[in-house]
Amino acid sequence: MAKTPVTFTLNGEEAATFVDAGANLLEVLRRGLGDLSPKYGCGQGTCGSCTVLVDGAPRLACLTLAETVEGQSVETTGGMADGPDLHALQKAFIEGFAAQCGYCTPGMLMSAKALLQSTPNPTREQVIDAISGNLCRCTGYEPIVEAILAAARSPRRSLGSPL
Amino acid sequence: MNRVDYRKDLFADERDDSLAEIGQPTLRQDILGHVTGRSPYYDDHLFDGLLHIRCVRSPHHHARVRAVDCSAAEAMPEVLKVIRAADVPVNMNTLLSLIGFGKDDEPLLADGKVAYIGQPLVAIVARSLRAAQAAVEAVRVDYEVLPHVLDVEEALAPGAPIVNDVYPNNSFDYHERYDHQKLRFGDVEAALTQADHIVESTYQMSPIEQAPMETCGAIAAPETNDRIVCYTGTQALFFSLGVTAKQLDMPSSRLHFIGGTVGGGFGGKVDSHHEPLAVLGTLLTGRPVKYQWDRAEEMQVGAPRGGERWKVRDGVMADGRIIARALTGFFDAGAYTRLSSYAVQKSTGHLPGPYTIPNVASNVFCVYTNRTPSTAMRGFGITACDFAIECHMDKVAETVGMDPIELRILNAYRDGDMKAHRRSAKNCALIEACQVAAEKASWPLSPEASAASSLSGGGIGWRSEIPETSIDTAGQIGRRRQDGHGTDPYAGADTRGRVAAGHVDAEAKSALGNAPQDREMEADLERLGFKTGLDDRRADEIPVQAPPPPPPAIPRQSGSALFVARGNGPSLPSGFSPRSQPAPATVRPSAPPPSASGPDALARPPSPPQPSSGSSPLETKAQEEDAAPNALRRPTVSPFLRGRRR
């Protein structure tokens, strides 16, 4: 099967790979480039576990053709931390107990990050709306909403690793 | 974080107050991995040359498989292996066989017939998911569709399709002999005749899919030391290891299982079906193999919480005391046992709920239907049972015109009370939980209810004793047959009639033709107490006691389908009146006078006739029958059940 070269920016670094026609971004990120932080939950765009940012906007990687991100900037949870320093959202999720099994967490963080980039001081309703496409079967929504609000309130600086 | 109210004032002697962690936020040990996307779920292990498994699945609830043609799939260049039932060294298994409980009743890959929609028949190992799916669609299966049954009571009816050839009566055989789990405590039948009200209802709970965010799956790969490594999302790593070793007939020392990071489980990841198939794929191809459900499979094939149907009948005095509770439960196992047999034991162990009731009887069945097999899910076996019991408590409260919380406090276990399982209740807290709930909801309670305590009033007199419990035939605790062929006081004619006949007289044939009726089970019908064709027998064959005085005939509450008319069973006593007119505190002369002085004074119904002490002709008849060839009927009272404790 013919392979197509695709190059894009992944978490600020140049990435290049060959993809099958029709390959989705989720499989290319995970198996092609080894970034395992986006998760497969449904493969049909209903659960949000595979949410990544493409040019800053949240996208469902399982429904995104890999070839369509050519030349664009892709961000994943794997690139959120600045070295050992966690992102404010990550820190707030830790402190607020906003993860149980953790499988939805990368997608939640991506949706939250997109929200805070466009709306630095969101209302509770805006937070709920932003993560409405992300399912959490452990049903830990309340701590997640609280953590996102807490991150929005926190000073925009590196908070350091808590562990 | 909000302060958590642990009511240490109530439980000061139960807990070490130095547990400083309680009520304090504590970092999860795995949370750093979760927020950085580095937690190692099973699918987060990369292998070069990974192969994928997709399964050919049954489109029918129930069908005989006449022929399977895999030739087109096998010819596909991307397909490395087509796995059939014959390729699995030990195809039949049941999960709890690892602890010696139950018979192997479920094939890893269906062989000869399919018993639920989505049951796997053939597993395709291919270079890509797409190629595996294409090969699945190229497999031709010739099905002969069979009648199916999806309802638990219909499954127990005569002539119902045989769902599972290992259990041709459509019910799990406890101890390879009993078709249900039975609980007997006191004499429900006598107590029901003395109750002011009979409150009866049926409750049905649906199956519920656990629906974890991470679908079930496993990846197997060859290691360099002749072992197979298996990364799995299982919640039950050692079940999976044991099942894989058993089904692949290989020593577990050759298996290197790695789990522990589960993307949500909730009980749905204990069935150990992915690991054997993935490891088998690796054994047959020598390559890494992943078997992962997609979301549609997770929802359709993934074993849910089993549906349960509960029939509850309470005998209640006008002041709210519950003096008898009889239950019949039907646990829908789906087509195969998995953990449902255990769930039935759990629910039986939970009865009659957290209430001190002097007369309790239950029959709970683990029933096979052509539904997706059910398995563990968060309190399975308890949740639906509690749903039924607590709905029923509200119904009882409504019937007697009593506050539902106060009704619970009145009947709640207190420390020292004897439970139906013949163990003393301890560390009881239902009363306190009710009081706190009422307080937080600003729900007014009477001074008596507010003053009640689990620490007082329990374990006194009859509350601490094991009551005389009737036993039925062959030493099995069970129902004392007052009139032999009357309607079943516990479950209604439905249950008994259906279970009675079972498949014994039916023309039902197994789909595979190799599951004859268990003759031994038939011979034991009488011994089973309920599984009996009593109605077909001559009346004089039936051991009986002197029948109780018939309850007075009174009109039933119109419009209520919940109070079932019975020819000679208990009916609503004369003291009954609708909720809008609270029942008068009078009872029939045969019942003890109600007491208003609290639970200490809860009256027991008078002792039923002693079955072993009488010498009526009927007793003699029964004793004579004891010596008959079948020698099954020995109505007596077990010394143990009279009150001795182990």
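In the predicted model, Y143(B) touches H60(B), A63(B), V65(B) and R66(B), when residues up to four places away in sequence are not counted. Y143(B) belongs to strand β8 of chain B, which spans residues 140–145. Because 18 C-beta neighbours fall inside 10 Å, Y143(B) is classed as partly exposed; a buried residue would need 20 or more such neighbours. The C-alpha atom of Y143(B) is separated by 50 Å from that of I198(B), a residue 55 places apart from Y143(B) along the chain.

Chain B contains an open sheet of 7 strands with mixed pairing, arranged in the order β3-β7-β1-β14-β11-β12-β13. Its edges are formed by β3 (79–83) and β13 (255–258) of chain B, each of which pairs on one side only. On average, and with direction ignored, neighbouring strands of this sheet are turned by 20° against each other. Within the sheet, strand β11 (residues 217–222) of chain B runs antiparallel to strand β12 (residues 228–232) of chain B, and 5 bridges join the two. In this pairing, A220(B) stands opposite C230(B) of β12(B).

Helix α3 (residues 129–138) of chain B lies across β1 (51–57), β3 and β7 (120–126) of chain B, and runs at about 25° to β1(B).

Chain A likewise holds an open sheet with mixed pairing, here of 5 strands in the order β2-β1-β5-β3-β4. The edge positions are taken by β2 (13–20) and β4 (57–60) of chain A; each has a single partner strand, so one side of each is left without a neighbour in the sheet. Neighbouring strands of this sheet are turned by 45° against each other on average, direction ignored. Strand β3 (residues 51–54) of chain A pairs with β4(A) in the antiparallel sense over 4 bridges, and V54(A) has A57(A) in β4(A) as its bridge partner. Helix α3(A) packs on the sheet, where it touches β3 and β4 of chain A, and its direction makes about 35° with that of β3(A).

Helix α3 (residues 105–118) of chain A also packs with helix α2 (residues 88–95) of chain A, at an angle of about 130° and with the axes 10 Å apart. The two helices α2(A) and α3(A) are therefore oblique to each other, and their crossing is right-handed. From α2(A), the residues L89(A), Q90(A) and F93(A) meet T105(A), L109(A), A112(A) and K113(A) of α3(A). By residue class, this contact of α2(A) with α3(A) comprises 4 nonpolar, 2 polar and 1 charged.

The contact between the two chains draws 32 residues from chain A and 24 residues from chain B. On the side of chain B that touches chain A, helix α1 (residues 31–36) of chain B provides the largest share, with 6 residues. The residues on this side of chain B divide into 11 nonpolar, 7 polar and 6 charged.

Notes
Residues are numbered from 1 along each chain as its sequence is written. Chains are lettered from A and ligands numbered from 1 in the order in which they are written. This is a predicted model: local features need pLDDT of at least 70, side-chain atom pairs count only at pLDDT 80 or more; totals for chains, interfaces and linings use all residues. Two residues are in contact if their C-beta atoms, placed from the backbone, lie within 7 Å. Ala, Val, Leu, Ile, Met, Phe, Trp, Tyr, Cys and Pro count as nonpolar, Asp, Glu, Lys and Arg as charged, and the others, Gly among them, as polar. Two strands pair if DSSP finds at least two bridges between them. Axes are lines fitted to C-alpha atoms, for helices over the stretch in contact, and angles run from 0 to 180 degrees between N-to-C directions. Angles under 35 degrees count as roughly parallel, over 145 as roughly antiparallel, 65 to 115 as roughly perpendicular and the rest as oblique. A crossing is left-handed if the near helix is turned anticlockwise from the far one by less than a right angle, and right-handed if clockwise. A residue is buried if 20 or more other C-beta atoms lie within 10 Å of its own, exposed if 12 or fewer, and partly exposed in between; C-beta atoms are placed from the backbone.
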